[in-house]
Amino acid sequence: MPMLGGVRPPIAALLCALLAVAGLTALGLGTVHEQGVPQALRDAERQIAEDAADSVGTSINASARAVRRSAASDPPAGSSDPAAALRSLLPAGHPVGGGVLLDPRTGHPLAASGEKVPLAGVDAAALVRPDTGNIAPRMAVSGSGAPRVLLFARVTVPAAGRKQDENHDQAGDLTGDQEDKERALLLVVSEKVAAPAVYGEGRTGQLVDRNGKVCATAATVATTGAALAPPAGHRALPAAAANAAHAGLPTGDVSGSVLGAGHDGLRKVTGWASVAAGDGKGDASGLGLTVLTGREVPPVKDGADHTWFALVAAGALVVIAVLVTLVLWATMQRPLLRLHLSAARLARGVGEEPEEREEWVRPVPPVLGFGEPGRIGRALESIRRQLLGETGPEPEPEPTGRRRPGVRALVLVCALVIAAWGVPLLFLFNRVPAAKAVPAAAVADQRARTESAADRVQRSLVRSRTDLAAAASALSGAPPERAAEVLRREQADHPTFRSLYVLDRTGAVVRQVGKQPVRTLVHPAGGGITQVNTSGKIPAIATYARIPPAGKAKGAKKAEDTAPAVVVAEIGVDALDDLVSRPGLGSVWLTDAHHRVLAASVGFQAFQPLPSQRLTRLVARTDAAPGSAGTPASAVLHAGTAPGEGLSVAAAAPLAQTGPAAGLGWRVVSAEPAAALKLAAYQVQARTMLAGLLALSAGGACLGWLHIVVVRPLRTLTACAERLAGGDRRTVLFPVHHDECGSVTRSLELLRQALVARDRGAGADLAAVPAPSFECGSAP
C-alpha cells in the first residue's frame with residue numbers, strides 16, 4: 001500500500017514557508033524608502049480637496065432645493081404682477097445675485113431683479129415642461145465675464161387677466177379655464193460661484209470648471225497675517241485635474257493628488273476632487289466643477305535605507321530554514337525511512353518458504369537518530385533475534401525518572417529557533433521613535449480636516465435654520481390643512497429632521513409630524529439653534545424659528561396672542577453621525593460645552609465623556625474666554641506607555657467662530673491612529689511585525705502538523721515496539737495512518753503473529769494464545 005503523507009510533507013512545507021517569508025521580508029522591507037514628501041501628506045491633501053468639494057456641492061444642492069421650494073410655495077396675494085411674484089419667489093437667506101421670470105413661449109423676461117442673469121442657451125419652453133423632472137443647474141458667464149451658477153424652477157402664478165396680458169393668451173401648456181386663472185413661468189436665479197472652504201496655514205483653494213478655467217479662489221492666512229495667493233506655477237494643473245475628474249466619473253476615481261517641484265526648500269502638494277456626488281444624483285453633479293487645494297511643505301530629511309536590514313533579516317531566516325530542515329531530515333525523516341525499510345524486510349520473512357526466512361538472518365542496521373527512532377531500531381533487532389531463537393539484545397527499559405529527550409524535544413527546539421528570529425521582529429526591531437513619529441505637516445493636516453468637519457456641521461445647522469425660517473413664514477396665518485402640508489413638505493425635504501412641530505405661546509405642541517419630540521421648548525431663545533436635552537439615551541439638537549404674526553383683524557385680539565409662536569425641528573443623532581464621519585479622519589466626536597459626546601463616527605453612549613483623558617485635555621485647550629469661540633488645537637497623543645505605542649494624531653476645533661452656532665460651545669474632535677498614516681517609518685514597522693508574525697505562524701503551523709502526524713504516532717509506535725520486544729504477544733498492532741509509522745506498525749503486527757506462531761509450535765506446555773486486546777492503534 002503506498003504511503004500517504006508522513007514525515008516528508010510537513011518538513012518540505014516548513015522549508016518552503018520559511019523561504020517564502022524570507023523572500024517577502026526582503027521584498028517588503030527593501031522596497032520601503034523614505035520620501036521627501038510622505039504619501040500620508042499627499043493622501044491628506046486629496047482628502048482635504050474632497051472635503052472642500054463636498055462643501056461646494058452641498059452648498060449648490062441646498063441653493064437649488066431652496067429655489068425649488070420657494071417656487072412651490074403658495075404665491076402671496078397680489079403676486080399676479082410678475083415683479084411682485086419675482087420678489088416673493090426669490091429664496092430668503094440664500095445668496096442670490098439676480099433673478100428673472102421667463103415666459104416659456106417667447107423666452108422673454110417678464111420681471112428681473114438684482115444683477116443681469118446670463119440667459120444664453122436657456123430654452124425656457126423646453127425646461128418648463130413638467131415631464132423633464134427637476135431642472136439641473138447650469139454654469140454660465142455673466143456680462144463681466146464672471147462665472148455664475150443658474151438655478152431653475154417652474155412657477156405657477158395667477159393670471160392678471162387677458163386685457164392686461166394679451167401676449168400670453170397662448171402661453172405655456174395651460175388651456176381653457178386654467179389659462180384664465182394661472183400660467184406657468186420659468187424662474188431663473190443666478191448665484192456667484194462660491195470659493196471652496198479651505199483650512200490650514202498657507203493652504204490655497206481653487207474651483208475650476210470642466211474646461212479648466214478657474215471660477216473662484218480661496219486662501220488661508222499665514223502666520224504673517226497676509227492671505228496667501230494661489231501660486232502662479234502649474235498653469236496646466238487646473239485643466240489636467242478637470243480632465244482627470246471628468247474621466248474618472250464612470251469609475252468613481254474622482255480625486256487625487258499631485259506633487260509639484262521644489263523651490264526654496266519647499267515642495268508643493270496639490271489635491272483635486274470632483275464636486276460631483278458619488279452616486280451622480282446631486283444637483284451639482286452635472287456642473288463639471290473640480291476643487292484644487294494645495295500647500296507647500298518642507299521635505300522630510302532622508303531617512304535610513306532599510307534594504308540592508310531586509311537582506312540581513314531575510315538571509316538569517318534562510319539559514320535558519322536550511323538548518324532546521326537538515327536537522328529534521330537527519331533526526332526524523334531519514335531514520336523513519338530506514339525503519340520503514342528494515343521493518344518491511346523483516347515482515348517479508350514471515351512466510352512458508354525458506355528463502356523468505358533468510359531476511360531474518362541479516363541484522364537490522366543501526367538507526368542514526370536519538371530518541372524514538374533509535375529505540376524502535378533496537379526493538380526491531382531484538383524481535384529479529386527472537387524470531388531466530390537467539391537471546392537479546394533486550395530493548396532499553398523505560399526510565400522511571402526523567403525521560404530522555406526525544407523527537408518532541410527536537411520539534412520544540414526547532415520552534416524556539418524560529419521564534420528567536422520572529423519575536424524580535426515582532427516586538428523590538430524598527431519600532432517608531434515617539435520623538436519623530438509623525439511630521440508636523442501631518443498634524444496640521446489633521447487639524448485642518450477637523451476644522452472642515454466642524455464647518456460642515458455648522459453649515460448644515462445654519463442651513464436647516466434658514467430653511468426652517470422660510471417654513472415659519474409659510475405657516476404665518478396658514479389654515480390647519482395648509483400648515484400640516486407645509487410641515488410634511490419640510491420634513492420630506494430634510495430627512496435629517498426626526499421631529500417637526502409647532503409650539504404655541506404656552507409651550508404646548510399644537511401640530512407635529514415625524515417622531516415623538518424628545519423634549520419641547522417652552523421659551524426658546526438664542527440664535528435659532530439649541531441643544532434640546534442634556535441627558536437621556538438620544539441626544540437631540542433643535543433648530544427653531546418664530547412664526548411671524550399674520551396681522552390682526554378689527555376688534556380682534558393681537559395675532560401674537562392667538563397664533564402659534566414657534567416651529568421647531570429636532571435633528572436626529574444619525575444625521576449628526578453622518579455629518580462628522582469623513583474618510584481618513586479616524587474616529588470623530590461631536591461634543592457639547594461640557595465635553596460630552598453628542599454624536600460620533602464610532603459607537604458611543606449619549607453624553608458619555610471622551611474615551612481618553614488626553615483627548616479631553618486637548619479639547620480644553622480650545623476653550624477661550626467668554627464671548628470667544630476658541631481656537632483649534634492638535635497634537636500627537638500617546639495611548640500606551642512604551643515609546644511609539646498607541647500613537648494617534650488628534651485635533652479639536654470649535655464648531656463655529658461666529659454665527660448662531662458659535663454660542664453652543666460645541667467641539668469636533670478627531671483621532672487617527674498614527675500607524676494608519678502612510679509614513680515610511682510606520683510602513684517599515686508594520687512590515688517588520690508582519691514578517692515576524694508570518695514566520696511564527698508558518699513555523700508553528702508546520703511544526704504542529706509534524707507533531708500531529710509524526711511525533712505522536714511515533715511515540716505510540718515506540719511503546720508498542722518495545723512491549724513486543726519485551727514479550728508482549730497479546731497486544732494487536734493496528735496501523736492508523738498510511739505513512740512510515742503505519743508501515744512499521746503493519747510490519748510489527750506481522751512479526752507479532754510470527755512470534756505467536758513460533759511460541760505455539762515450540763512450547764507444548766503453553767496454553768492457547770489468549771484473546772488479543774487492541775491497545776496500540778485502534779480496532780480494524
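Colleague: At roughly what angle do the axes of helix α10 and helix α16 cross?

Modeller: This is a predicted model in which local features need pLDDT of at least 70, side-chain atom pairs count only at pLDDT 80 or more, and totals for chains, interfaces and linings use all residues. Residues are numbered from 1 along each chain as its sequence is written, and side-chain values use heavy atoms, with hydrogens and water left out. Helices (DSSP runs of H or I, at least four residues) and strands (E, at least two) are numbered from the N terminus, and axes are lines fitted to C-alpha atoms, for helices over the stretch in contact, with angles from 0 to 180 degrees between N-to-C directions. The axes of α10 (residues 407-427) and α16 (residues 680-725) come within 8 Å, and they cross at roughly 175 degrees.

Colleague: Are α10 and α16 roughly parallel or antiparallel to each other?

Modeller: Angles under 35 degrees count as roughly parallel, over 145 as roughly antiparallel, 65 to 115 as roughly perpendicular and the rest as oblique. The crossing angle is roughly 175 degrees. α10 and α16 are therefore roughly antiparallel.

Colleague: Which residues of α16 does α7 meet?

Modeller: The axes of α7 (residues 307-348) and α16 come within 13 Å and cross at roughly 0 degrees, and the two helices are therefore roughly parallel. Contact means heavy atoms within 4.5 Å. From α7, Phe-309, Leu-328, Met-332 and Leu-336 meet these residues of α16: Thr-688, Leu-703, Leu-706, Val-710, Val-711 and Leu-714.

Colleague: Is the aromatic pair of Phe-309 and Phe-429 stacked, edge-to-face or tilted?

Modeller: A search of the whole structure finds 1 aromatic pair. Rings of Phe, Tyr and Trp (its six-membered ring) pair if their centres lie within 6.5 Å; planes under 30 degrees apart count as stacked, over 60 as edge-to-face and the rest as tilted. The centres of Phe-309 and Phe-429 are 5.7 Å apart and their planes stand at 50 degrees, so the pair is tilted.

Colleague: Which element supplies the largest share of the lining of the largest pocket?

Modeller: On a 1 Å grid over the protein atoms alone, a pocket is an open set of points with protein on both sides within 12 Å along at least five of seven lines, and lining residues have an atom within 4 Å of a point. Of the 45 residues that line the largest pocket, the closest to its centre are Asp-54, Thr-58, Arg-456, Thr-496 and Leu-579. At least two lining residues come from each of α2 (39-72), β9 (266-274), α11 (440-475), α12 (480-493) and α14 (573-580). The largest share, 10 residues, comes from α2.

Notes:
On a 1 Å grid over the protein atoms alone, a cavity is a set of points where a 1.4 Å probe fits but cannot get out, and a pocket is an open set with protein on both sides within 12 Å along at least five of seven lines; lining residues have an atom within 4 Å of a point.
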